[in-house]
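Hi,

Here is the model I promised to pass on. Have a look at it first, and then read my notes below.

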There are 2 protein chains.
Amino acid sequence: MTRILIVDDEPQILRALRINLVARQYEVALAADGSAALREAAQWHPDLVLLDLGLPDLDGVDVIHGLRGWTTVPIVVLSGRAGNQDKIEALDAGADDYVTKPFNIEELLARVRAVTRRTRAQEAELAAVQLGDHTIDLTNKTISGGVRLTPTEWHILEILLRNPGRLVSQRQLLTEVWGTKYLKETHYLRQYMVQLRRKLERDPAHPVHLITELGMGYRYLP
Amino acid sequence: MTRILIVDDEPQILRALRINLVARQYEVALAADGSAALREAAQWHPDLVLLDLGLPDLDGVDVIHGLRGWTTVPIVVLSGRAGNQDKIEALDAGADDYVTKPFNIEELLARVRAVTRRTRAQEAELAAVQLGDHTIDLTNKTISGGVRLTPTEWHILEILLRNPGRLVSQRQLLTEVWGTKYLKETHYLRQYMVQLRRKLERDPAHPVHLITELGMGYRYLP
DNA sequence: CACGGACGTCAGAGTAGCGTCAAGACATGA
DNA sequence: TCATGTCTTGACGCTACTCTGACGTCCGTG
């Protein structure tokens with residue numbers, strides 16, 4: 001979930017942005033002036049800052065400098081001033097984009113997506129799952145402790161890890177990995193579950209995380 | 001030195017941009033249409049692309065897609081069309097910024113600086129990579145110990161080094177280096193991995209840094 | 001308590017995919 | 001034009017992954 005900090009002193013703009021961003025599954029925090037913005041950013045670590053330049057307490061460029069002192073979080077500037085000098089100053093202070101008020105909300109959202117794209121990709125890579133002693137990174141296909149898996153083992157493990165705590169039927173596993181013609185080959189599953197447990201469970205004979213549900217399927221318990 | 005590829009079909013705009021950018025110590029290449037742009041980008045590897053959307057041969061968004069298929073180079077769109085839909089499409093296709101013509105040159109330069117700021121920082125990190133006995137400088141394309149690589153070898157090595165520790169799929173390598181029509185040619189990869197190991201690994205038969213992930217791809221271990 | 005069904009485990013056959021060598025096709029610059 | 005280096009293509013042995021069969025074990029049920 002992408003976290004966006006909105007900084008503006010006009011309550012109606014704060015409100016409009018919050019409604020639009022929350023509706024699009026962003027997590028939102030608000031700040032009405034520069035010092036509140038710096039405080040909030042330090043505590044909450046947003047993934048993006050929407051910053052109005054016309055704040056009551058601090059100059060907008062100073063807020064950018066205040067943020068850039070310790071974080072590289074993307075900053076999109078909103079401003080009523082359309083002057084070129086303002087834009088240039090803000091961008092050179094470290095802002096990533098500059099949108100002039102009044103702005104179209106769809107355009108702003110597209111710019112938000114563009115700016116967060118790179119960061120989002122990096123964050124997704126960090127999505128790591130813990131399984132017992134091991135840390136598993138599904139996108140990079142890495143497991144701590146030098147454990148290596150074969151393609152089929154990865155495939156099965158991925159399906160289980162994407163459904164934490166939930167029962168995954170033999171049917172689902174067999175269709176996803178081998179196709180619908182292999183629904184009867186439960187032997188395959190038994191075979192590969194042995195391998196996975198041997199590589200990942202502390203005591204493969206008494207699994208704690210990769211659980212058999214008799215006659216139904218398997219379950220990953222975090 | 002930052003390399004900028006300017007894509008526009010109007011000669012006077014090309015000329016104006018070139019003069020301004022060269023004066024500010026950028027290295028500049030020009031392209032008058034979409035296919036020339038894609039060709040130039042593939043050969044010259046610019047650090048930033050300034051792209052006009054109204055090209056004679058290809059739709060601007062297709063050019064963005066064509067670039068994004070194999071590179072993450074920052075793209076700044078220049079456009080006479082101020083419509084929001086155009087902006088949104090271009091930004092979502094993978095553009096990093098959008099500037100409407102007529103634009104102020106100083107503003108454009110500020111946006112160029114903003115967009116390249118992050119990439120420059122990332123590149124600095126990659127400036128020198130250690131692989132076993134060898135120090136590899138990706139920007140200058142040099143390797144300690146008098147090792148020399150062919151263009152294709154560099155291309156593959158770069159992709160792997162840009163993803164340290166991460167699995168890089170055969171698919172990704174083949175598309176980035178040869179294009180989407182070569183997805184089946186895993187033989188190429190095997191061939192070049194042999195070469196790279198012979199040139200870089202201490203014991204090419206038992207690689208420590210350029211690792212094969214059977215059935216999946218390759219991985220660079222620092 | 002005995003039986004049957006489903007699961008766990010082991011070991012070996014078959015095979016896809018990898019590493020390697022080598023030679024022909026192509027591009028580049030002298 | 002030739003010479004050199006690079007890319008592409010073919011052939012082949014070998015590794016390790018997948019598949020298969022045999023057997024042992026566990027658990028619920030009658």
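Starting with the DNA: a polar backbone atom of G215(A) sits 3.1 Å from a phosphate oxygen of DNA strand C. Keep in mind that this is a predicted model. For a base contact, go to Q191(A): an N or O atom in its side chain is 2.8 Å from a base nitrogen of DNA strand C.

Stepping back, there are 22 residues around DNA strand C, and the ones that come nearest are R197(A), T212(A), Q170(B), R197(B) and T212(B). The surface near DNA strand C is made up of 10 polar, 6 charged and 6 nonpolar residues. Helix α8 (186-200) of chain A and α8 (186-200) of chain B each supply at least two residues of that surface.

The other spot I looked at is D137(A), which is part of strand β7 (residues 134-137) in chain A. Is D137(A) buried or exposed? Its relative accessibility is 12%, so D137(A) counts as buried, the cut-off being under 20%. The D137(A) side chain makes a polar contact of 3.0 Å with the side chain of T139(A), and there is another of 3.0 Å to the side chain of N140(A). E158(A) is 21 residues from D137(A) in sequence, with 9.9 Å between their C-alpha atoms.

Cheers

Methods:
Residues numbered from 1 in each chain as written. Chains lettered and ligands numbered in written order. Predicted model: local features only at pLDDT ≥ 70, side-chain atom pairs only at ≥ 80, totals over all residues. Heavy atoms only, no water. Helix = DSSP H or I, 4+ residues; strand = E, 2+ residues; numbered from the N terminus. Buried < 20%, exposed > 50% of the residue type's maximum accessible area, 1.4 Å probe, protein only. Polar contact = N/O pair within 3.5 Å; in protein donor to acceptor, adjacent residues only side chain to side chain. Near = heavy atom within 4 Å. Nonpolar A, V, L, I, M, F, W, Y, C, P; charged D, E, K, R; others polar.
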